[in-house]
Amino acid sequence: MVIKVYGPAYASSKRLMLCLAEKGIEFEPVPIDLFKGEHKTPEFLELQPFGQVPVIQDGDYTLYESRAIIRYYAEKYKSQGTDLLGKTMEERGVVEQWVEIEAHNYHPPILDMTMHISFASKLGFTQDEKLINESEEKLGKALDIYEKRLSESKYLGGEFFSLADLSYIPMTEYLVGPIEKEYMIRDRKHVSIWWDEISNRPSWKKIQQL
Ligand SMILES: N[C@@H](CCC(=O)N[C@@H](CS)C(=O)NCC(=O)O)C(=O)O
């Protein structure tokens with residue numbers, strides 16, 4: 001049975017589709033238009049009561065929260081495709097650490113900048129310059145820590161590509177693309193090399209073409 005991925009156009013959904021692509025798992029994207037409020041219909045709320053994408057349906061199994069979904073498939077298909085978790089419990093711990101850091105220290109400032117730089121006029125709210133500047137400052141501090149980490153190991157989780165790196169790709173794409181802050185990556189030598197490495201993976205090229 002092919003896995004259905006609801007809301008493929010958005011960053012959090014791309015995170016999980018990237019995981020499926022690395023694992024060589026087939027999926028079917030099901031478009032959900034947030035601008036038309038399709039995530040708040042009674043049918044969608046049956047699937048995801050918080051009214052957010054992504055959601056997956058795998059047969060009669062339904063799951064939401066992109067990071068829960070990538071952990072689920074990385075474990076379920078551990079020996080298929082790219083091993084995204086590490087070989088030992090200790091490697092796994094480090095991978096999980098950087099996935100958590102992405103969720104709490106990286107995604108939120110980029111989301112705030114994206115909303116206020118790219119979507120304020122479309123969604124009808126006033127762009128908040130103060131929030132944009134504060135978010136950039138927060139993100140800069142996080143990136144300085146990544147720079148140090150990546151001067152010590154090739155990838156965030158260690159010497160192997162893992163969920164720790166994969167989980168950063170969709171939001172970094174916003175940063176270097178629509179919100180035009182690529183200098184935040186390029187000003188940091190090791191972060192810049194890491195970004196070139198991970199964003200050139202065939203899995204990401206495939207997701208970008210969807
Ligand atoms: N923690 C959730 C966040 C999901 C999320 O923020 N989804 C956004 C699109 S990327 C969304 O559905 N926004 C619409 C809304 O919150 O009303 C996850 O990782 O799955």
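Me: Which residue has a side-chain N or O atom 2.6 Å from an oxygen atom of the ligand?

Reply: The model is a predicted one. Polar contacts are pairs of N or O atoms within 3.5 Å. In the side chain of Q52, an N or O atom is 2.8 Å from a ligand oxygen. The value of 2.6 Å to an oxygen atom of the ligand belongs to the side chain of S66.

Me: Which residue places a backbone N or O atom 2.8 Å from a nitrogen atom of the ligand, and how much of the ligand's accessible area does the protein cover?

Reply: The backbone atom, at 2.8 Å from a ligand nitrogen, is that of V53.

Me: How do the residues of the shell around the ligand divide by class?

Reply: The ligand is surrounded by residues including Y10, L34, H39, K40, E65 and R67. G51, Q52, V53 and P54 are also among the residues around the ligand. By class, the shell has four nonpolar, five polar and three charged residues.

Me: Which pocket does the ligand take up, and what is the volume of that pocket?

Reply: The space that the ligand takes is the largest pocket. Among its 23 lining residues, Y10, S12, L34, Q52 and L111 are the closest to its centre. Of these, Y10, S12, L34 and Q52 are also listed around the ligand. The space in the largest pocket is about 710 Å³.

Me: Which helix gives the most residues to the lining of the largest pocket?

Reply: The lining comprises 13 nonpolar, eight polar and two charged residues. At least two lining residues come from each of α1 (11-23), α3 (66-76), α4 (89-123) and α7 (169-176). The element that gives the most, with six residues, is α4.

Me: Which residue is joined to P54 by a cis peptide bond?

Reply: P54 is placed in the loop between α2 (42-47) and β3 (55-58), and P54 is also one of the residues around the ligand. Omega is about 5 degrees for the cis bond, and the residue joined to P54 there is V53.

Me: What is the phi of E65?

Reply: E65 is placed in the loop between β4 (61-64) and α3, and E65 is among the residues that surround the ligand. Although E65 is not a glycine, its phi is positive, at about 80 degrees.

Terms used. Residues are numbered from 1 along each chain as its sequence is written. This is a predicted model: local features need pLDDT of at least 70, side-chain atom pairs count only at pLDDT 80 or more; totals for chains, interfaces and linings use all residues. Side-chain values use heavy atoms; hydrogens and water are left out. A residue is near a molecule or strand if one of its heavy atoms lies within 4 Å of it. A polar contact is a pair of N or O atoms within 3.5 Å; within protein, one must be able to donate a hydrogen and the other to accept it, and residues adjacent in sequence count only if both atoms are side-chain atoms. On a 1 Å grid over the protein atoms alone, a cavity is a set of points where a 1.4 Å probe fits but cannot get out, and a pocket is an open set with protein on both sides within 12 Å along at least five of seven lines; lining residues have an atom within 4 Å of a point. A molecule sits in a cavity or pocket if more than half of its atoms lie within 2 Å of its grid points. Ala, Val, Leu, Ile, Met, Phe, Trp, Tyr, Cys and Pro count as nonpolar, Asp, Glu, Lys and Arg as charged, and the others, Gly among them, as polar. Grid points are joined across faces, edges and corners, and a volume is the space filled by probe spheres set on the points. Helices (H or I, at least four residues) and strands (E, at least two) are DSSP runs, numbered from the N terminus.
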